[in-house]
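Thanks for asking me to look this one over. Could you open the model and follow along with my notes?

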Amino acid sequence: MSRWKLITGAVLFACAAASVPPVTLYFISRARSVQAEQRHLTEYAQWTIERTQKTMQDATGALKEIDRQGFRDCSPDHIAAMRFNVMSHRTVGEMGFYQGDHLACTSWGIVDTAIPRRLANYSTTDGIGVHMHVRPKVSHGNFAVGLEYGDHNVMVDPAFMVDVLVDNEMSLALANGKGQVISTLNNPDPALLKQALAQPGSGESHDLIYSSYRTPDWIAVAIEKHSYAENDFRRERNVLLPLGFLLGGLILVAVFWALRRRLSPLAELEIAVRKREFVAHYQPIVELNTGRCVGAEALARWKRPDGSMIAPNMFIPLAEQSGLICAITDIIMERVVEDMRELLQADSGCHVSINLCARDAETGRPLPFLLSLLQTNGIDPDRIWLETTERVFIHPDMARNSLTQARTSGHTIAVDDFGTGYSSLSVLHSLPLDVLKIDKSFVDAIGSDSASGRVIPYIIEMANELHLMIVAEGVEREEQAQYLRERGVACGQGWLFGKPVDPQTFIEYFKTNAQVKKDSPQTTVV
Ligand SMILES: Nc1nc2c(ncn2[C@@H]2O[C@@H]3COP(=O)(O)O[C@H]4[C@@H](O)[C@H](n5cnc6c(=O)[nH]c(N)nc65)O[C@@H]4COP(=O)(O)O[C@H]3[C@H]2O)c(=O)[nH]1
């Protein structure tokens, strides 16, 4: 994924993720405030049913009392007993007695018009017949709830059933167990009441909240305006929203921290190592006297997914610092074997030089891996040169062990960038070295009167004294090649002969330049 895509994706993700906690907590605080208000409404619905049950208890008490007294004759004593019952039960408005299929007398006296007995709308679980909306024909009073037990009935004002002290503009409704409304207080919204009676529990419409409470005989519904939940909502919001913004902020910080980390050069390099995004390019090494190509140095390139190549000086220092260099060395070794297998298997006189970082040169870590790789692919270890730098010689004892091991395995050992370090002659003498590569800075200075230019004959002399083969690096001009040739330097590497190229181009170059060129020391340039 490209850097910009990653940044855009991360910014979008961070914004989306950071908005989740405040938005969620906003809705949670709203839901909590609505739930709190609904609990409050449920309590009112419960109280309404308690009130109804008390009313029923009082009214059925009156009915059972008169039934127990055994009057069945509408005698003055019977009527007096009914009056007494009405007076001693607060919720009872009037009491009546049926004889056969019509009302014979009430607490008001003998009924002289024909009032037929009707079937109750339904019966409660304790056997009381309920007439839901009765207009008392004797007293011409308001609509009442008629309760019937045996042959007696009572008229109850439905307002008693919802006689609850409500706050705000709360409205109440009481219905029987089948959802038929018996009494209301403060005109509850009909549509919402219908919804509340149809499904148990709590709910809301855009401006109202309701809660219902049920028993087998009764359903009570309490309804009020949404705005009454506002106070709770404000309180909840004041606590939860800052927490939401804090969490959102933490998410932003975490995402940007992760993004920064992901975009850091080290993270990029780690991913590149994991994805094995490294390839080797090969720079020819040429025999100066004959112009014959004798091998190449494998130079790492970081090949990005978009095809661009990153030069080693951009990532090798970080790789060395972070320890990722070990993995990169292994990848390059594998690439060399893959790329050059056929050339190295054939007795073509071609070698490939692989760079070892200082730590690997000291510890010898990659040697067993390299050896098994070469054995598996049928390549003689003497086809592989190992390049190390003078830095390794700070710990000559460690370097001696691993370099000896490498040499015993058959590899040629070269000291790279020679002249840039501070190795003494005695240290160099004590180490198992085969090749000395003169650093480009000295080759650049050939022909000039600079200090570097004056040093090069001494480096050559020292290498000869130590019986080391010399490869001069960074040869760009023919006069440099001529100078080196005249002083017996065996090989050169540089743009004069060829720049580092991809494996296929190098193989073609090698095939063209592997023979001795008698006429001209120069080779075909890639
Ligand atoms: N201007 C100029 N430059 C020339 C000329 N001839 C060669 N060069 C450059 O000099 C460097 C030679 O490699 P080095 O001294 O081993 O220096 C290498 C080596 O120290 C390190 N390196 C490269 N690949 C690896 C690797 O696989 N492992 C390790 N540990 N280090 C590596 O990175 C350094 C730089 O490599 P490159 O950028 O490929 O640069 C290469 C090469 O492209 C020339 O005539 N003119």
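Here are my points, starting with the ground rules.

1. This is a predicted model, where local features need pLDDT of at least 70, side-chain atom pairs count only at pLDDT 80 or more, and totals for chains, interfaces and linings use all residues. Residues are numbered from 1 along each chain as its sequence is written, and side-chain values use heavy atoms, with hydrogens and water left out.

2. An open, antiparallel sheet of seven strands runs in the order β3-β2-β1-β7-β6-β5-β4. At its edges, β3 (109–110) and β4 (122–123) each pair on one side only. Strands here are DSSP runs (E, at least two residues), numbered from the N terminus, and two of them pair if DSSP finds at least two bridges between them.

3. Within that sheet, β6 (residues 144–149) and β7 (residues 152–156) are joined by five bridges. Leu 147 has Val 154 in β7 as its bridge partner.

4. Ala 296 sits in strand β14 (residues 293–303). Ala 296 counts as buried because its relative accessibility is 0%; buried means under 20% relative accessible area (1.4 Å probe, protein chains only). Beyond neighbours within four places in sequence, its contacts include His 351 and Phe 506, contact meaning heavy atoms within 4.5 Å.

5. An oxygen atom of the ligand lies 2.7 Å from an N or O atom in the Asp 416 side chain. For the Glu 476 side chain, the corresponding distance is 2.6 Å, to a ligand nitrogen atom. The protein buries 81% of the 790 Å² that the ligand exposes when taken alone, by the Shrake-Rupley method with a 1.4 Å probe.

How values were computed. Helices (H or I, at least four residues) and strands (E, at least two) are DSSP runs, numbered from the N terminus. Buried means under 20% relative accessible area, exposed over 50%, partly exposed in between (1.4 Å probe, protein chains only). A polar contact is a pair of N or O atoms within 3.5 Å; within protein, one must be able to donate a hydrogen and the other to accept it, and residues adjacent in sequence count only if both atoms are side-chain atoms.
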